[in-house]
Amino acid sequence: MKKSSKLRLSIIFLLIFMTVGYTLLLLAYGGPRWVAFIMFIVYVFVVYFLIVTTHRLIKALKEKGE
């Protein structure tokens with residue numbers, strides 16, 4: 001398996017488990033909803049930049065030939 005395929009698979013698993021963890025955190029959290037909304041904004045920010053940087057890294061790996 002090539003490095004880019006392994007990287008893509010590991011990022012997919014990371015995103016799945018981050019989503020599951022965030023969902024479980026929301027189910028257990030009993031505080032104000034605005035704090036939960038701020039956590040959601042941070043979660044979306046992290047996921048967006050994780051996808052963007054991973055896409056750039058995979059593109060660079062493909063150009064390198066790995």
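1. Leucine 50 is in contact (heavy atoms within 4.5 Å) with Ile11, Leu14 and Leu15, once its neighbours within four places in sequence are set aside. The structure is a predicted model, in which local features need pLDDT of at least 70 and side-chain atom pairs count only at pLDDT 80 or more, while totals for chains, interfaces and linings use all residues. Residues are numbered from 1 along each chain as its sequence is written, and side-chain values use heavy atoms, with hydrogens and water left out.

2. Leu50 also belongs to the largest nonpolar core, which has six residues: Ile11, Leu15, Tyr22, Tyr43, Val47 and Leu50. Helix 1 and helix 2 each supply at least two residues of this core. A nonpolar core is a set of buried Ala, Val, Leu, Ile, Met, Phe, Trp, Tyr and Cys residues joined through side-chain atoms within 4.5 Å. Buried means under 20% relative accessible area, exposed over 50%, and partly exposed in between, with a 1.4 Å probe and protein chains only.

3. The protein has two helices and zero strands. Its radius of gyration is 15 Å, well over the 11 Å that the globule rule gives for 66 residues, so the protein is more spread out than a compact globule. The radius is taken over C-alpha atoms, and the rule is 2.2 Å times the number of residues to the power 0.38. Along the principal axes, the C-alpha trace spans about 50 × 20 × 5 Å. Helices (H or I, at least four residues) and strands (E, at least two) are DSSP runs, numbered from the N terminus.

4. Helix 1 covers residues 3-28, and its end C-alpha atoms are 37 Å apart, which agrees with the 38 Å that its 26 residues should span at 1.5 Å a residue. That expected span is 1.5 Å times one less than the number of residues. Ser4, Ile11, Leu15 and Tyr22 are buried in helix 1. The cover over the buried residues of this helix includes helix 2 (33-64).

5. Tyrosine 22, in helix 1, counts as buried because its relative accessibility is 13%. Not counting residues up to four places away in sequence, tyrosine 22 touches Ala36, Met39, Phe40 and Tyr43. Threonine 53 lies 31 residues from tyrosine 22 in sequence and 21 Å away in space, C-alpha to C-alpha.

6. Two totals complete the note. Buried residues make up 17% of the 66 residues. Of the contacts between residues at least 6 apart in sequence, 73% join residues at least 24 apart.
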